[in-house]
Amino acid sequence: MIVGLFPELLAPGGVQRAGRHIGAVLAQFADETRQLVRLLSLKDPHGANEFRLGSQRVTFWGAGGSKIRFVAEALRERGKARVVLAAHPNLTPVAWALKAGSGCARAAVVAHGIDVWEPLPLLRRRALRRMDFVLAPSVDTAEKVVQKQGVLPAKVRQLAWGLDPEFFAATKNNPAPRRPRSFPPGRVVLAVARLVASERYKGIDELIQALPRLVPAIPNLHLVVVGDGDDRARLEQVAASAGVRDRAVFLGALEREDLITCYRHADVFALP
């Protein structure tokens with residue numbers, strides 16, 4: 001049996017989107033190799049759930065936010081799991097328990113970025129070091145797994161996240177769709193992120209503050225920010241204080257089709 005452990009699958013967000021990709025790949029691999037697969041999610045509604053990725057429908061079980069329920073359901077697969085994948089470092093202790101209880105199971109964990117930039121709590125860090133593999137989407141994150149978490153370099157694999165099949169297909173359509181409303185003309189730097197105070201490390205401030213130095217060389221330059229949250233008002237004020245209120249365009253949260261169109265019309269994507 002293949003067991004996938006996920007923090008959340010149905011909500012918006014980069015970690016959730018990467019999780020859906022991973023879940024779909026695990027389900028497809030299990031089908032091709034005629035194995036059973038169980039996908040378990042901590043935060044999604046309790047019971048049976050599903051998501052779609054392209055033409056693929058993927059079913060999974062949700063714990064409704066209950067850590068006790070999630071761990072208990074995962075431990076039901078002890079002795080049956082041959083492959084265990086935790087889609088976030090916070091779930092590594094559960095993956096280790098499954099690996100230890102299944103004897104020959106192979107276990108891997110996915111790191112995303114900031115989740116491994118600083119040393120994890122002791123239990124998670126020890127469990128991470130006992131995984132067979134740690135997957136990281138970039139060179140920098142792979143290095144942090146070694147330097148900050150003490151994982152042996154031979155266990156770390158760099159694996160860039162992929163695009164949704166639907167996203168990839170949409171970007172190949174010609175001609176490009178009309179720009180979304182309020183999308184500015186000229187040269188555009190695009191940033192896409194949740195605009196919440198806890199994610200200021202993504203650097204939208206830096207992009208705004210760079211505009212005054214770039215505009216003299218690129219007079220028709222705009223920064224387009226897609227996303228919403230409790231930090232948006234502050235970022236808009238940062239733009240006003242920097243004298244680039246008319247250059248920093250905040251589009252808010254967009255539907256998927258409009259977001260894809262923004263990517264197609266942008267000259268540069270930046271997320272410091």
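Start by selecting K80 and E77: the two form a salt bridge, with their closest N and O atoms 3.1 Å apart. A salt bridge here means a side-chain nitrogen of Lys or Arg within 4 Å of a carboxyl oxygen of Asp or Glu. You're looking at a predicted model, where local features need pLDDT of at least 70, side-chain atom pairs count only at pLDDT 80 or more, and totals for chains, interfaces and linings use all residues. Residues are numbered from 1 along each chain as its sequence is written, and side-chain values use heavy atoms, with hydrogens and water left out.

Now colour the pair by accessibility. K80 is partly exposed at 44% relative accessible area, while E77 is buried at 3%. For those words, buried is under 20% relative accessible area, exposed is over 50%, and partly exposed is in between (1.4 Å probe, protein chains only).

Next stop: E50 and R57. Their salt bridge has its closest N and O atoms 3.5 Å apart. E50 is partly exposed, at 37% relative accessibility, and R57 is exposed, at 53%.

Then jump to E199 and K202. Are these two buried or exposed? E199 is buried at 13% relative accessibility, and K202 is buried too, with a relative accessible area of 19%. Their side chains meet in a salt bridge, 2.7 Å from N to O.

Why look for such pairs? Side chains of opposite charge can pair when their charged atoms come close.
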